[in-house]
Amino acid sequence: MPLQKSPDTLPGDFPALCQMSAVFGQDSLHIQGAGGNVSVKDGDIMWIKASGTMLADAMKSDIFVPVDLPQIKAAITAQMPTADTPSTFIVPGASKLRPSIETSVHSVFSHRIVLHTHCIHTLAHAVRKDAVDLLTQKLKAFDWAYVHYTKPGANLARSILEVLTPTTNVVVLGNHGLIVAAESVEAIRDLQNQVHAALAVTPDIKDGLNQERLAAICDGSDYALPDDPFVHQLALTPARIKQVTAGSLYPDHVIFCGIAITTLPPNETPEEVEARALDLGRPPPVCLLVPGHGMILRKDASQGARVMIRCLADVMTRVPETPELTYLSEAQNFELLDWDAEKYRQALNAK
C-alpha cells in the first residue's frame, strides 16, 4: 500500500482508488504532471491527493492526506479564511504534506469519490466563449453544471455549491477543467471516460516544421529544440499564434509557463528577447514561437513547464482557429502568480 498507515484507517476500496488514480495520472489527455486530484470520503475523514504530488505515482508513493471533513465544510459555510489553507484541517500527526489547494472543492460534493482532471477535451471547450452552448449539446446525456472561472480554492467551492443539485455529478469548470463525482471507484472511472468521449475532438495537425531554421536560431543561445515535436504545432499558423500569444487560458499554464506565450520577432535573436525581459524585471520566456517554423525552448525549462507546453499544444490543436476564446484577466493571472499555495506546488515540482 502506498500509505504507511494501519489498514483499519483506510477505506476498503483504497487500493482500487490508487490504481485508478495512477491510470488517469499517466494519461496526459486526462491529467498533466502534478495537475488534477482525487478524494474519497470515509465518515468524517476525507483522503485527498497532496499538493504537488502526482496521481501517476499513486501506486508507488504516499500521495494522499487525511483531512477533517466536517471542519473544512464548516469553514467554507462560515466563509472563514482557513477554508483556503487546507493544511489547517489535516488529521493531527497524519502527514507532513499539504492537502491539495482544491480540498475545499472536493468537500462540497455529497458523493463519496470526487475526481478533478484537466481533461484536454474539456479544456478545448471550456476556453471558448461559446462553451456553454457547445457543452449543452454534447453533455445532454449527463446531469451536469457549468461554473465560470474562479480562482481555485474556497471561492470556487462556493461557486460550485450554487449550481449543485443532489444529482449533479459532472461539473465543467470554465478555463480550468472537469470534475466528476460518484459513489464507487468503478462508477467514477466510467463517468470520467464517458464525459471524455462525449467531448472528444480530433487534433488538427499542421505541416511546416523547419528544424534547420530553428537550430540556427538556437545556436549559441539559452534555447534549444524541444524534445517533443508536437509542441511545434503552436507556431505553424498565424491564427494559432494569435490565439496563444493573446493571453493565458487556464491556471496551470500561468503557474509553470508564465502569462501567455511569446513570439520571436523578425530579425531578433533569443538573446535580445531575453535581455528585454530582464530589463523589465521579468524572467526570460520559457519558450519562443518562430512563426511558420516551430518552437524553441529554454534549456533550463522545468519539467512542469515542458508538460504544460505540451498541454497547450494538445488543447489548441483541438480548438478551431475561428471561435473567440476566454482568457484569464490580468488580475486573475497575477493572483495565481502571487499565491503562496501555488508557490509551494512549484517548489515541490522543481525538486
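Which residue forms a salt bridge with Glu274, and how far apart are the closest N and O atoms? The partner of Glu274 is Arg298, with the closest N and O atoms 2.4 Å apart, where a salt bridge is a side-chain nitrogen of Lys or Arg within 4 Å of a carboxyl oxygen of Asp or Glu. The pair links distant parts of the chain, since Glu274 sits in helix H11 (residues 270–279) and Arg298 in strand E11 (residues 294–298), 24 residues apart.

The model is a predicted one, in which local features need pLDDT of at least 70 and side-chain atom pairs count only at pLDDT 80 or more, whereas totals for chains, interfaces and linings use all residues. Residues are numbered from 1 along each chain as its sequence is written, and side-chain values use heavy atoms, with hydrogens and water left out.

**Overall form**

The protein has 14 helices and eleven strands, these being DSSP runs numbered from the N terminus (helices H or I, at least four residues; strands E, at least two). Its radius of gyration is 20 Å, close to the 20 Å that the globule rule gives for 351 residues, so the protein is as compact as a globular protein of that length; the radius is taken over C-alpha atoms, and the rule is 2.2 Å times the number of residues to the power 0.38. Along the principal axes, the C-alpha atoms fill a box of roughly 65 × 45 × 35 Å.

Buried residues make up 54% of the 351 residues, where buried means under 20% relative accessible area, exposed over 50%, and partly exposed in between (1.4 Å probe, protein chains only). Among contacts between residues at least 6 apart in sequence, 71% join residues at least 24 apart, a contact being heavy atoms within 4.5 Å. The protein exposes about 15000 Å², of which carbon and sulfur atoms supply 52%; accessible areas come from the Shrake-Rupley method with a 1.4 Å probe, and for residues only the protein chains shown count as cover.

**Salt bridges**

The structure holds eleven salt bridges, and the table gives three of them.

| Asp13 | Arg112 | 2.8 Å |

Asp13 forms its salt bridge with Arg112. Asp13 lies in the segment before H1 and Arg112 in the loop between helix H3 (103–107) and strand E4 (113–117), so the pair ties together parts that are 99 residues apart in sequence. Asp13 is partly exposed, with a relative accessible area of 22%, and Arg112 counts as partly exposed at 22% relative accessibility. In the pair that opened this report, Glu274 counts as buried at 11% relative accessibility, and Arg298 is buried with a relative accessible area of 12%. Asp314 and Arg318 are both buried, and they belong to a network of salt bridges that links Asp228, Arg310, Asp314 and Arg318.

In helix H5 (residues 131–138), the residues Ala131, Leu134 and Leu135 are buried. They cover an arc of only 95° around the axis, which puts them on the same side of H5; the arc is that of the directions from the helix axis to the C-beta atoms. What covers the buried residues of H5 includes helix H4 (120–126), strand E5 (144–147) and strand E6 (170–173), while the face turned away from the buried side carries the exposed residues Asp133 and Gln137.

His30 lies in the loop between helix H1 (14–25) and strand E1 (37–42), and is buried with a relative accessible area of 3%. Not counting residues up to four places away in sequence, His30 touches Phe24, Thr117, His118, Cys119, Gln192, Asn193 and His196.

**Exposed sites**

Gln79, in the loop between helix H2 (69–77) and H3, has a phi near 55°, a positive value in a residue other than glycine, and counts as exposed at 58% relative accessibility. Asn267, in the loop between strand E9 (262–263) and H11, likewise has a positive phi, near 65°, and is exposed with a relative accessible area of 83%.

Ile259, Phe334 and Leu337 make a nonpolar surface patch of about 250 Å². Patches are made of residues with over 30% relative accessible area and no salt bridge, like charges being joined within 9 Å and nonpolar side chains (Val, Leu, Ile, Met, Phe, Trp, Tyr) within 5 Å. Leu337 has its place in helix H13 (residues 330–337) and is partly exposed, with a relative accessible area of 34%.
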